[in-house]
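Colleague: Can we go through this one together? I'd like to start with a helix and its surroundings.

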Amino acid sequence: MSRKIEKAAVLGAGIMGMGIAAHLANCGIKTYLLDIVPRPTDEEEKKGITKTKAFRNKLALGAVKAAIKNRKPIPAFYHNSFADLITCGNFEDDMELLSECDWIVEVVIENLDIKRKVFTNVEKHMKKDAIISSNTSGIPIKDMVEGRSDSFKKQFLVTHFFNPVRYMRLLEVVTGPETDPEITKFISDFGTNVMGKGVVFGNDTPNFVGNRIGIYGMMRTIKEMTEKDYSIQEVDTIVGQPMGRPKSAAFRTIDLVGLDTVVHIMENCVESLVDDEARDIFKTPEFIATMIEKKQFGNKTKGGFYKKVTGEDGKKEIMVLDWKTGEYMPKAKVRFDSVGVAKNTDDPVKRLQELIKADDRAGQFAWAVMSDSLIYSGNRVGEIAEDIIQIDNAMKWGYNWDAGPFEAWDAVGFAETCERMKADGKTLPPIATAIIEAGGKGFYKSENGNKFFFDLKTKSYQPYPEDPKSIWLPALKDRKQEITGNANATLIDMGDGVICCEFHAKMNAIDDDIIRMMHEGLNLLEKDDKYVGMVVGNHGENFCVGANVMLLLMNAKAGNWDDVEFAVKAFQDTCQRMKYSPKPVVAAPFGMTLGGGMEISMGADRICAHADLFMGQVELGVGLIPGGGGNKELLIRYMEGIPESAQNVNYLPYLQGVFEAIGMAKVSMSADEAKGLKFLRPTDKIVTNKEHVLDTSKRMVQAMSLEGYQQPLPRKLKLPGEFGYATLKMVIDSMCKQHQITEHEQLMAEKLSWVLCGGRTSQNVAVSEQYLLDLEREAFLFLLGTEKSQERISHFLMKGKPLRN
């Protein structure tokens, strides 16, 4: 049968339930959010409000309200307007609404009896062919569906999301013996293509895939810490980025998740994993049991392994727990030679290789924890998941590891690592032994751009399953589709006449190499008929964080102003040339797309953005204004609705939006917010799955070409000129006198206003784009030459955050 999900229900309005409901709404799905009717207080009883919907739906309504208000660490909604797709209700009054729903997701407390009662009620009211799933983190499916009908069991599975739901890519799909395979495939496709998730298929085992490996890793880390007498701070210094893990490392991650949640998973492991060779490692250490008694759960209780305190001077200070005494101590600097070397190594593979080879305390700790974690992961193949791909992806998508355990094993050297493990007296997992016996050189291999993985069941390499909507640029390079390149950018033939200009500089900061390669790509479009258009995209952590301000600052301090102006004009010219290319160009931004990254995106004909797009012109934070055409392009976007023939238009309200966006360094928290800020146009596309952005961008180029692409015509703008500038200057001067901004911020705001108003012109004179670019460049260079702006740039490069001066 042909399925679709038009309406869903989420049962349980806690953190996870609210997150799932919000993300369904983000994807355009009308969603019912239901929870229990709360127990009234004596005061509520007296007021006689207990029969009102506002009271009876209080838990769900409160969850939605909190989700809209709370924007940290990331908003649950792409845009607050998506909250309108959620209808709140309760389990007593509104269960009949389930008859309208195509998918029902249970997210109540992890209590089997409560879940069974919920499912009994669900079956009474559900649509005949609805899909039912549980977000449980480990209760067996057979126990949850006990007593349910055969049809219910066929339509039931586990869909285990990770928090925050919008941002964490992992979705674990676990089926029971009676689950209909068609439903499994449908939910997998829906999760991938609509919700933008990375789907991992796990077996119905305790804590499934991600948490089984992740919690083992945490507990093995704690075991090594207590046995070898390391401090919490020492451990977090070692097991974070130097080992390819998030900055939050081990203990800051637990504080984020909640120690009570982690302990619940540990206890589930101890109770359920009776045959696990490492079962004892999941037992709660005494000092953690004490923390649970004291409710030191982490961020949710304002203190866990770390806590913030306010000192006598009013300044915030981070304190860290001494696990031996239970007392908090001031955070101190921790130094290891091997970690210092690792931090100065950009290549994550070399960083990890050097760390585990080091013979200092950090290296010894890293090897001990990593080697046991690799072996444990290897022993789980066939138990928690059928292949290594599922385990690797679970750790990357659910725990934000740079590489999964088997990818990391290959990266540091499969054979060498096996030999070292054996030399330490450790037993290799069956899959590692099988690879050696088969003459393999690792868990994965690549041939002619095609990837293979070692399958334990067949004891042979099998083709890596590919997503038909995903384009992987390294694979295209392996297939000899690289056209040309340099240290920081490459041109790649994507097939079907489409070129990709890929950035691969540090942080993808714009420099001469990137500009040169963009020009090379545009040259090909102009000279070679076999190419129909270009995509600007990459696989970096972020699309582009802006220009390389360190190079600009160094040249400015050295007085190389001709070089600086040449570089700024070259970037302006590149964006203009892209905008007026005879063939279509599509930008594919994602993640942080700041400053020059946004200017490149706006220079393209269209944008295909990942939904998690953090876009903005943030140059004022480092004492500058946009210098690559950002002011001009935002002006154009804000004024597109004004007919060129319009007379007596008040342009200041249009300029106000641009001024606020740039002057306040506004950054969108999603692509939908970027569209609301006019950073994106209505014709631009938003894709929820990051892996689909390049393929969609390519198809957009092809579509524009097939439709008969017409090169855009240059446009002129009418701006308020000196009259408008005088008005804005008066407001800015007032803000400075009221100490709302500093004197240097006043100067920056005035320079920005001068550019946006068009300088020495009037609203009866239409000015060209080049005129505005020249104004922009002049103001940019002026600010770069000021001592205060140079201080701001230096501070930002050292501290990573803006300075007020």
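Colleague: What covers the buried residues of α5?

Modeller: The cover includes β1 (7-11), β4 (103-106), β5 (131-134), α6 (141-144), α7 (150-154) and β6 (156-161). Helices (H or I, at least four residues) and strands (E, at least two) are DSSP runs, numbered from the N terminus. This is a predicted model: local features need pLDDT of at least 70, side-chain atom pairs count only at pLDDT 80 or more, and totals for chains, interfaces and linings use all residues. Residues are numbered from 1 along each chain as its sequence is written, and side-chain values use heavy atoms, with hydrogens and water left out.

Colleague: Which residues of α5 are buried?

Modeller: K115, V118, F119 and V122. Buried means under 20% relative accessible area, exposed over 50%, partly exposed in between (1.4 Å probe, protein chains only). Seen down the axis of α5, the buried residues fall within an arc of 100° (taken from the directions from the helix axis to the C-beta atoms), so they line one face of the helix.

Colleague: And which exposed residues does the face turned away carry?

Modeller: K117 and K124.

Colleague: Switching topic: is I5 buried or exposed?

Modeller: I5 is buried, at a relative accessible area of 9%. I5 sits in the segment before β1.

Colleague: What is I5 in contact with, leaving aside neighbours within four places in sequence?

Modeller: I29, D102, W103, F186 and F190, where contact means heavy atoms within 4.5 Å. The C-alpha atoms of I5 and F190 are separated by 8.6 Å, with the two residues 185 apart along the chain.
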